[in-house]
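Welcome! Take a moment to look over the sequence and the 3D picture, and then we will walk through a few parts together.

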Amino acid sequence: APPAEPMMPLSIKRITLQGGNIAYSDRFIKPNYDANLTGMGGRLNGLSSDPTTIAELDLRGKVDNAAPVEVVGRLNPFRQDRALDIKASVKDFELSSVSTYAGKYVGYGIEKGKLSATLNYKVEDRKLSATNQVFLDQLTFGDKVDSPTALKLPVLLAVSLLKNSRGEIDLDLPIGGSLDDPQFSVGGIVVKVIVNLITKAITSPFALLGSMMGGNSEEMAWVDFEPGFARLPDAAGTKLAAIAKVMNEKTGLKLEIAGRIDPATDREGLKQAMLMGKVEGLKVKDMAKKGESLGDDGRVLIPTAEYPALLTRVYKDEKFPKPRNVVGLAKDLPVAEMEKLILANTTVNDEDVRLLAQQRAQAVKNWLLEKGNVPAERIFLLAGREGDDGKQPKAKISRVDFSLR
């Protein structure tokens, strides 16, 4: 409601503060929080009750004689809903001093860490736009606190996701809204942004990592395999290199790997993989006789021109009954016919298919250990899965899934 009487006109050219000390105590939270803003100095120029004017603020000091604090900008304290442009910053604020707040709202005390932040809040015609640049250095939570008001989220995992290899967290949290919204609350918006950030870290960690790296890395959550095969496809190297980079930068993370098989395609695909294994085995023997060796990637390349002869040798070594000519000798058959007969006489049991899931996971782990240089103690193989769980609609069912802990 408007005031019953108009405000008395007020105009102060300049207010100057030197050697100020602000003692702050919060008795609501237990244990109580106390802080001192020390060495406060600055000025406020042009303070006036005239709504058409704007005052300039420049205030500087330290928190507990240590962390520099600065508040500068332009405002009209009598009409902040129309014009406000304030920039506030703090550097190297010791987070252990606010451990009691962390226990209440996060569920863990703070063992150590420093906060540096730059906040810029603007109001124009009752519209707020704000940026919150927050830098946390070596944030380390302590013991768990039994608090009914704490977030029911795995905050420790979120912190591990956000930290880089140097133990730093660098966040940009923009917010905005209208002061005419009855639900509007700056504090509430900030909390919502932070909760949404943590929730995204838990539910879509690879999407969060992608946004932090300037792209969309949701597809880092899996690696597709060809039906029946456990060897890594050529395209997997780029994706695994990105995962290895994340693991080596964020040393607090642990990676879980789960192989998955498709009951509709992997059984027949496994027969094809077994056939190719026999062909490649003969090629390796031929190379050994010539003194040739495999490439650095260990792959066996079968030139198209050599495949029919190698397949024929495989076919002749098979023990199943073969078509005979009139004199009783095995007939020479086209490549497609030989493949068809070999596959038809190849037996794949349930155990073979089950092991395929584990072999896929192992192939990924080996790459991350040998080429990605990810420490073995931070990689865990999970039991194989069968069928699709619907969580990765863009992926094949024949794949390896990743999760972060």
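How far apart are the end C-alpha atoms of helix H9, and what span should its 21 residues have? At 1.5 Å a residue, H9 (residues 350-370) should span 30 Å, and its end C-alpha atoms are 31 Å apart, which agrees. The expected span is 1.5 Å times one less than the number of residues in the helix. Helices (H or I, at least four residues) and strands (E, at least two) are DSSP runs, numbered from the N terminus.

Before going on, a word on the source: this is a predicted model, in which local features need pLDDT of at least 70, side-chain atom pairs count only at pLDDT 80 or more, and totals for chains, interfaces and linings use all residues. Residues are numbered from 1 along each chain as its sequence is written, and side-chain values use heavy atoms, with hydrogens and water left out.

**Helix H9 and its surroundings**

At the start of H9, the backbone nitrogen of Glu351 has a side-chain oxygen of Asn349 within 3.1 Å.

How do H6 and H9 pack? Their angle is about 80°, and their axes are 10 Å apart. That makes H6 roughly perpendicular to H9, a label for angles of 65 to 115 degrees. Asp266, Arg267 and Leu270 of H6 make the contact (heavy atoms within 4.5 Å) with residues of H9 that include Asp350, Val353 and Arg360.

**Paired strands**

Two strands pair if DSSP finds at least two bridges between them. Here are two such pairs:

| Strands | Sense | Bridges | A facing pair |
|---|---|---|---|
| S2 (residues 33-48) and S3 (residues 55-63) | antiparallel | seven bridges | Arg43 and Asp58 |

A hairpin of six residues joins S2 to S3. The hairpin of S3 and S4 has three residues between the strands, and there Asp64 takes a positive phi near 55°.

**A loop residue**

Which loop holds Ile397? Ile397 is found between S13 and S14. At 25% relative accessibility, Ile397 counts as partly exposed, a class that runs between the buried limit of 20% and the exposed limit of 50%. Ile397 lies 6.4 Å from Gly387, C-alpha to C-alpha, although the two are ten residues apart in sequence.

How values were computed: Polar contact = N/O pair within 3.5 Å; in protein donor to acceptor, adjacent residues only side chain to side chain. Axes fitted to C-alpha atoms, helices over the stretch in contact; angles between N-to-C directions. Parallel < 35°, antiparallel > 145°, perpendicular 65-115°, else oblique. Buried < 20%, exposed > 50% of the residue type's maximum accessible area, 1.4 Å probe, protein only.
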